[in-house]
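Welcome, and please load the model in your viewer. We will start with the whole chain and then select one piece after another.

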Amino acid sequence: MAHERRQYIIRLLEQRGSIRSAALAQELGVTDETIRTDFVALQKKGLLKRVHGGAEYIVPTQTAGATADAGAESAMAALVAAHIPAGACIYADACHFTRVLAAQLADKPCTFITPSLQLSLHLAPKVLPHTVICTGGEVDKECKLCCGEQAEQALLHARPQFAVLRPAGLSPTQAFYAHSQQARWATLATACASQCLVAVPAALLSVTTPHAVQLPPYQLVTEDNLPPEFDSVPTQTIPYISAESLLPTDLY
């Protein structure tokens with residue numbers, strides 16, 4: 001019950017920006033002390049900020065007590081964000097990195113287009129200035145992404161200027177994904193976007209998985225531990241960390 005309640009609290013904060021503890025306790029039929037305990041636990045994870053009488057949403061950049069790998073993700077997102085001007089339309093892979101990128105762009109309102117219902121909700125809090133377009137369409141239950149002609153036409157109609165990829169592996173010419181629908185969306189996005197930005201930790205360079213996407217010329221953002229085969233790829237780097245938890249885990 002505590003886990004479900006805390007997930008509900010985070011969803012409310014994402015939607016409203018702030019909540020009052022007394023009203024929430026009454027709504028859920030629990031004591032004020034229970035809600036305060038939830039707030040303390042969530043604040044320790046960097047998921048909210050406690051304020052007098054309630055809590056406020058924290059945009060997910062680098063959480064409280066962040067580890068080096070969380071700092072690396074934030075640093076890579078900052079380099080990607082530097083390439084993107086205010087008002088840009090962006091397709092970005094459906095993973096936690098996109099939430100961090102959206103926070104890095106908080107001072108440059110953009111339009112994010114995504115085939116992920118869950119990601120669209122995470123990008124939509126009032127505290128973020130972005131416009132969010134969800135492609136709609138049939139939902140693939142394995143990868144939880146929308147698919148089909150209707151969804152793809154929504155992407156083509158939006159004509160994103162930037163395709164931001166966070167693949168499961170990368171060669172100098174190809175990005176690799178674990179699921180075919182992830183690869184399909186990356187293929188469509190890179191075909192219609194004018195610029196492609198790829199962010200991966202060094203541990204994923206030269207890693208391959210079953211579904212490959214042929215890449216146009218792209219800007220790579222990674223750690224400064226490049227294999228020789230990437231010498232010809234335009235690259236920006238952050239200090240090398242090589243943390244296992246930097247490996248991308250799709251959340252949606």
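Begin with everything selected: of the 252 residues of the protein chain, 48% count as buried, meaning under 20% relative accessible area with a 1.4 Å probe, protein chains only. You are looking at a predicted model, where local features need pLDDT of at least 70, side-chain atom pairs count only at pLDDT 80 or more, and totals for chains, interfaces and linings use all residues. Residues are numbered from 1 along each chain as its sequence is written, and side-chain values use heavy atoms, with hydrogens and water left out.

Now switch to cartoon view. The protein chain has 8 helices and 15 strands; these are DSSP runs numbered from the N terminus, helices being H or I of at least four residues and strands E of at least two.

Next, select residues 96-104, helix α5, where 7 of the 9 residues are buried. Those are Phe97, Thr98, Arg99, Val100, Leu101, Ala102 and Ala103.

Then move to the open sheet with the order β10-β11-β13, whose 3 strands pair antiparallel; pairing requires at least two DSSP bridges between two strands. β10 (169-170) and β13 (211-214) are the edge strands, each with a single partner, so one side of each has no neighbour in the sheet. Select residues 174-177 as well: this is β11, joined to β10 by 2 bridges. Gly169 sits opposite Phe176 in β11.

How values were computed
Buried means under 20% relative accessible area, exposed over 50%, partly exposed in between (1.4 Å probe, protein chains only).
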